[in-house]
Amino acid sequence: MKPQIRYRGIHMTGDRWHKIQEFNTWMSRNLINMHRHGCSGFPDDARGFYKMWSAHCLHFNNGKQQRDELMAAHPDWFAERAGKRWPSQACLSSEEAYQALLKNFTARLEKMPGLEFCSFLLGDNQNYCQCAKCREKSVSDLYFGLCNRLAKDLRPKFPTLGFVPCAYQGYGEVPSLPVKGMAF
């Protein structure tokens, strides 16, 4: 039987990949054809399903030490709240922060051949930047604007990769801008 919906997926949190064969069998029986994984990527034995990496951190690096070093060197790349910079979110209005994010995503995507979809999400909190420039737009417009731009800038290097935004937490409201470049 073929599902009526082209992509039907599930998101596994915490990278809990014990009993993967049983899980794959369950997915097949339930017409689920997409794995959506956390920041570590997807397991090698997820064959037969569309592979989707969920960048549910949207940071510039792969570890706390690097984040702390970047925070010390470039505090303006991080969210401002009540006049103080916080490492839990990026400043979505900073051009330098965007270029660092783009470089990080490019490097990480190059390490995942066979990846079919990429989902960009902000950090799993609502400590969104409140700098003067970020306050000019809604969190949804900032987030979906970032997704549009990342998809446009990554598309030349990854022409077959599908980009998947996610309305979640404080950026769940409908954005005022169209979401472009996300087509599969």
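Tyr 143 and Phe 144 both come out buried (under 20% relative accessible area with a 1.4 Å probe, protein chains only). The model is a predicted one, so local features need pLDDT of at least 70 and side-chain atom pairs 80 or more, while totals for chains, interfaces and linings use all residues. Numbering runs from 1 along each chain as its sequence is written, and side-chain values use heavy atoms, with hydrogens and water left out.

On the aromatic side, a search of the whole structure turns up 3 pairs (ring centres of Phe, Tyr or Trp, the last by its six-membered ring, within 6.5 Å; planes under 30 degrees apart are stacked, over 60 edge-to-face, the rest tilted). Tyr 128 and Tyr 171 make an edge-to-face pair, at 6.2 Å centre to centre and 75 degrees between the planes. The two partners sit 43 residues apart, Tyr 128 in the loop between strand 6 (117-121) and helix 4 and Tyr 171 in the segment after strand 7 (162-164); helices (H or I, at least four residues) and strands (E, at least two) are DSSP runs numbered from the N terminus. Tyr 128 is buried at 9% relative accessible area, and Tyr 171 is buried at 0%. Tyr 143 and Phe 144 are also edge-to-face, because their ring centres are 4.8 Å apart and their planes at 70 degrees. Ring pairs tie Tyr 128, Tyr 143, Phe 144 and Tyr 171 into a cluster.

Charges over rings show up too (NZ of Lys or CZ of Arg within 6 Å of the ring centre and within 35 degrees of the ring normal). Arg 149 puts its charged end over the ring of Tyr 98, 3.8 Å from the centre, and Lys 84 lies over the face of Trp 86 at 4.5 Å.

Notes: Buried means under 20% relative accessible area, exposed over 50%, partly exposed in between (1.4 Å probe, protein chains only).
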